[in-house]
Amino acid sequence: MSKNKIIRGRPAWGPVVEGYAFVCPDSIVGWNGADVKTGVVTEKDNVHYGDSFAGKIIVLPCSRGSLGWSDMFRNSEYNGVGPSGYVFTTMDSKCGTAIFNTRRPCVADFPADCDPCVEIHDGDYIRLDGINGTVEILVPAEDK
Amino acid sequence: MIRLTPYEQRMLDGEFGAAKQVALQKIIDYAQILGAEELVPITKAHLCCGSTCEPADFPDGNLDRPDILAMGYHDWQTKLKCPGLDPATFNSFNESTYVMDDVHCCDTFQWQWTQQTKEFYENNRQILSDAADRGVMIGSTCAPYLAGWLPVMGEYFVTTESSNVLYSNSILGARGYGGGGNTTFCAAICGRAPKWGLHLPENRHGTHVFHVACDTKDKTDWDLLGAAVGRRLAPNAVPVICGDFDRPDLIKLKTFFTALAVTSGCELCLIVGVSPEAQTYEMAMGGHEPVAEFTITNEILQTYWDEVCHKESGPADYLQIGCPNCSAEELINIWRYMNGRKVKEGVRFCVFTNIAQYAMAEQAHIIQDLKDWGVEILTSGCILRTINVAKGAKSLGLSSFKLCNGSKDERDCPIYYGSDEQVIDAAISGYWEVKRRYE
């Protein structure tokens with residue numbers, strides 16, 4: 001996504017947060033896909049295997065796998081290593097419960113012609129507005 | 001803005017107690033997060049009620065952690081899942097909601113075979129007893145439909161088990177979504193959930209069509225088919241299964257849904273001629289065009305077999321069947337196939353079922369026979385959930401794509417995948433012979 005481009009979804013939960021994007025185009029498997037003490041992805045086939053989502057804005061298409069999915073983010077949050085914000089291409093019940101648990105800003109339900117997992121690149125510095133439902137790229141990863 | 005009924009408004013005003021008031025406020029927050037505008041009554045709830053500690057809490061397998069043993073029901077449940085709710089005010093789940101518990105970290109009856117301590121086991125028993133005091137039926141299973149927890153067509157339910165969401169929506173025609181532990185806990189207290197997603201008839205139609213051109217004779221075929229379908233799904237997709245497949249039974253369906261759930265976020269799958277809402281292809285699609293179509297062949301199934309099965313034959317010292325928990329019918333099948341043959345000395349072979357199936361199989365002397373032959377019959381969990389059950393294993397042999405997939409992320413030892421019969425054969429010989437499933 002180019003600098004200052006804004007994409008719009010549904011405002012799911014506020015307020016506003018800025019941070020580096022952590023994009024997982026295939027989501028993360030529930031229950032044991034991440035170490036909740038460090039925020040490190042432990043799913044071996046994941047593009048972010050070995051990386052930590054702590055303090056980053058996580059960008060996912062949806063949830064995947066066990067209904068322990070939301071617990072993974074609840075426990076990461078309680079341990080101080082959860083994401084600082086959430087972008088979901090499409091809201092589902094597990095994603096909703098993750099926001100319910102963490103009360104972190106979230107934008108979801110983007111239109112069919114806008115896939116945040118494509119528009120936002122890993123490492124982009126972005127501004128997530130959970131009140132107005134926008135995600136703005138402030139510094140593209142390639143400019144850093 | 002959420003529209004409440006007069007009854008819900010009275011609950012929110014505190015007329016029915018502080019617990020329901022707090023839980024309902026949280027469910028209203030959940031509705032806002034999801035984008036729902038009203039609530040529905042929940043008459044069936046299925047959720048974890050025991051200690052929710054995880055294998056990762058005990059990296060060296062030592063369960064003697066005073067901090068965890070000091071935790072009780074309110075620490076694991078009330079405070080964790082409904083922060084802000086005063087435990088002293090929480091005396092009962094909603095009276096018109098039938099609540100059954102999900103799996104937990106211990107076996108129901110013993111701690112020895114699972115390599116736990118009596119203190120750890122008794123701590124969990126007390127937590128479950130405190131849940132029962134609040135109106136929970138202790139079924140302790142990932143397959144509550146085997147134990148009489150059965151929402152009927154059109155009935156609203158919540159559950160913390162992803163394969164149960166699929167079974168209840170797709171085969172029973174009930175209406176629900178999973179969410180997770182916290183939202184399910186709150187829904188079970190106030191008896192309400194956001195009216196959203198698969199509660200709405202307009203969302204219950206097929207989107208992705210799968211033409212089955214692979215083997216569908218065995219349970220393993222359906223397990224791998226579940227993975228193949230799940231890996232091809234978009235968010236919130238509803239797959240339609242059609243083609244010339246062998247009619248699946250309960251055992252194949254619950255296996256299929258488990259693999260489908262672990263590889264996707266899918267919560268409704270319409271199987272033409274099997275699902276009540278998909279007696280025909282046209283009925284399944286509800287007048288909509290497919291977003292995408294796929295044909296699943298044996299070659300595709302083989303790729304998923306390759307993904308989870310270790311490549312070289314070798315010794316196997318921990319074998320397990322039971323994901324989801326085995327039905328009584330599966331216990332009979334295992335008993336028939338064993339037919340008096342004994343598990344090799346030094347090999348640990350267990351079958352996970354639930355308490356209700358166990359009780360029936362006990363009356364049919366199946367439990368005693370299997371034990372005499374060296375098989376341990378466990379309840380209330382699985383290798384991913386029952387802490388320490390496979391501690392010290394040098395290799396695993398499993399008949400579940402989900403368990404292999406999950407175990408792969410937790411262990412570095414060889415993991416073998418195959419049919420129930422292959423698992424039993426390996427338990428008897430102590431050796432796993434790797435054979436390509438499809439040629």
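Tutor: The buried residues of helix α4 (residues 73-81) of chain B are B:Tyr73, B:Trp76, B:Gln77, B:Thr78 and B:Lys81. Viewed along the axis of α4(B), these buried residues stay within an arc of 145 degrees, so they line one face of the helix. The arc is taken over the directions from the helix axis to the C-beta atoms. A residue is buried if 20 or more other C-beta atoms lie within 10 Å of its own, exposed if 12 or fewer do, and partly exposed in between, with C-beta atoms placed from the backbone. Helices (H or I, at least four residues) and strands (E, at least two) are DSSP runs, numbered from the N terminus.

This is a predicted model, in which local features need pLDDT of at least 70 and side-chain atom pairs count only at pLDDT 80 or more, while totals for chains, interfaces and linings use all residues. Residues are numbered from 1 along each chain as its sequence is written, and chains are lettered from A and ligands numbered from 1 in the order in which they are written.

What lies over that buried face? Among the elements covering the buried residues of α4(B) are α5 (118-133) and α7 (181-190) of chain B. Contact here requires C-beta atoms, placed from the backbone, within 7 Å.

Now the chain around the helix. Chain B contains 16 helices and 18 strands. Its radius of gyration is 22 Å, close to the 22 Å that the globule rule gives for 439 residues, so chain B is as compact as a globular protein of that length. That radius is taken over C-alpha atoms, and the rule is 2.2 Å times the number of residues to the power 0.38. Along the principal axes, the C-alpha atoms of chain B fill a box of roughly 65 × 55 × 40 Å. Of the 439 residues, 56% count as buried. Among contacts in chain B between residues at least 6 apart in sequence, 78% join residues at least 24 apart.

Next, the nonpolar cores, each a set of buried Ala, Val, Leu, Ile, Met, Phe, Trp, Tyr and Cys residues joined through C-beta atoms within 7 Å. The largest has 181 residues, and A:Val59, B:Ala23, B:Ile27 and B:Val240 have the most contacts inside it. Helix α2 (residues 18-34) of chain B supplies the largest share of this core, 10 residues. Another core, of six residues, lies apart from it and includes B:Leu63, B:Cys105, B:Phe120 and B:Ile387. Outside four places in sequence, B:Val240 touches residues including B:Phe210, B:Leu270 and B:Met285.

Two backbone details in loops of chain B can be set side by side. Most residues other than glycine have a negative phi, and most peptide bonds are trans. B:Ser140, not a glycine, has a positive phi of about 50 degrees and sits in the loop between β4 (136-137) and β5 (156-159) of chain B. B:Ser140 counts as buried because it has 27 C-beta neighbours inside 10 Å. B:Asn339 also has a positive phi, near 45 degrees, and is found in the loop between α12 (328-338) and β14 (348-353) of chain B. With 9 C-beta neighbours inside 10 Å, B:Asn339 counts as exposed. As for peptide bonds, the one joining B:Cys323 and B:Pro324 is cis, with omega about -5 degrees; B:Pro324 is in strand β13 (residues 318-326) of chain B.

How values were computed
Two residues are in contact if their C-beta atoms, placed from the backbone, lie within 7 Å.
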